[in-house]
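Colleague: I would like to learn how to read a model like this one. Please take me through a few features in turn.

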Amino acid sequence: MKDIGLLRKNIHILEKAKEENRSNDKRKSHSKTLYQQCKLALSEKEQKWCEEVLFNESRDEEPYLSQDYFKHQVIGSRRSIRKWEHDEPIDIDVYRELLWAAQWSPSSCNRQPCDFILVNNRDKIKMISQIKRQVFIAKAPSCIVVLLNKSCYQNDESYFGGLDAGAAIQNLLLMAHHLGLGACWVNASPLEYKKGEQDQLNRVFKVPSSYRIVSFIPIGELSVGYSKKPPGRKFYPVRIDAFDYTIME
């Protein structure tokens, strides 16, 4: 059902707006209509997620009580964090741990095309926030700029490079969560920049011509006792060998 993806996107946007005490009545009204159309195709957790955001229904916390630490305490409890309690930038030794995790991510033909810049300068973080038009970034204690070496690819850099960067970033995010940090993955698509903004970023961060910025990761120490309910997740049917098209009807 083609509207499910749009519904998930709308609910995610509305949830962020709710956290920041912003209203978006037009999107909310449209999403309520979409929800009724898509409800039967959503997993139970997604339904509860939508209902909490759209209708202020309460939602129970996830029961992360399993002994399987990696499954529930690392993967299952990671969140995109947009609020930090302290202004202290992340420690350099902690940053090395994050880079270690990114270093061990898979990459196409082991090209390992990613590089990272740790930004602690308040003015530069505010500049990123203004260019991305994301207010919360300006409040981050630190921000990691993710670079991709275009020269690693002879053809179709956007495809292979995107996969490699995504894998490295996910490893870094999981390590960040494990270390008690709060981080948020922010895209850096060239299509979103206004005239001159991409050149400004490249100049400020001294990005070589063979590289391009692919993401920003605002990051800092997670607030003590901070808890954020997980967003709804789609249910993946178990498909073996052949795709069952009837599931998608």
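Modeller: Start with a loop residue. Asn110 sits in the loop between helix H5 (92-103) and strand S1 (114-119). Helices (H or I, at least four residues) and strands (E, at least two) are DSSP runs, numbered from the N terminus. A caution on the source: this is a predicted model, where local features need pLDDT of at least 70 and side-chain atom pairs count only at pLDDT 80 or more, while totals for chains, interfaces and linings use all residues. Residues are numbered from 1 along each chain as its sequence is written, and side-chain values use heavy atoms, with hydrogens and water left out.

Colleague: Is Asn110 buried or exposed?

Modeller: Go by relative accessible area: buried means under 20%, exposed over 50%, and partly exposed in between (1.4 Å probe, protein chains only). Asn110 has 53%, so it is exposed. Check its backbone too. Phi of Asn110 is near 55 degrees, a positive value in a residue other than glycine.

Colleague: Which loop holds Arg133, and what is its phi?

Modeller: Arg133 lies in the loop between helix H6 (122-132) and strand S2 (142-149). Its phi is positive, about 55 degrees, although Arg133 is not a glycine. With a relative accessible area of 41%, Arg133 is partly exposed.

Colleague: And Ser43, buried or exposed?

Modeller: Ser43 counts as buried, because its relative accessibility is 12%. It is found in the loop between helix H2 (25-38) and helix H3 (44-55). Now look for its partners; contact means heavy atoms within 4.5 Å. Leaving aside neighbours within four places in sequence, Ser43 is in contact with Arg233, Lys234 and Phe235.

Colleague: How do I read a pair of packed helices?

Modeller: Two packed helices are described by the angle between their axes and the distance between the axes. Axes are lines fitted to C-alpha atoms, for helices over the stretch in contact, and angles run from 0 to 180 degrees between N-to-C directions. H2 and H3 pack at about 150 degrees, with axes 10 Å apart.

Colleague: What does that angle make of H2 and H3?

Modeller: Angles under 35 degrees count as roughly parallel, over 145 as roughly antiparallel, 65 to 115 as roughly perpendicular and the rest as oblique. H2 and H3 are therefore roughly antiparallel to each other. On the H2 side, the contact is made by Lys28, Ser31, Lys32, Tyr35 and Gln36. H3 brings residues including Gln47, Cys50, Val53 and Phe55. By class, the contact of H2 with H3 has five nonpolar, three polar and three charged residues. Here Ala, Val, Leu, Ile, Met, Phe, Trp, Tyr, Cys and Pro count as nonpolar, Asp, Glu, Lys and Arg as charged, and the others, Gly among them, as polar.

Colleague: At what angle do helix H1 and H3 pack?

Modeller: Helix H1 (residues 3-19) and H3 pack at about 45 degrees, with axes 10 Å apart. H1 and H3 are therefore oblique to each other. Among the H1 residues that meet H3 are Leu7, Ile11 and Leu14. Trp49, Cys50 and Val53 are among those in H3. The residues of this H1 and H3 contact divide into seven nonpolar, one polar and five charged.

Colleague: How many helices and strands does the chain have?

Modeller: The chain comes to eight helices and five strands. Buried residues make up 39% of its 249 residues. Its C-alpha atoms fill a box of roughly 50 × 45 × 45 Å, taken along the principal axes.
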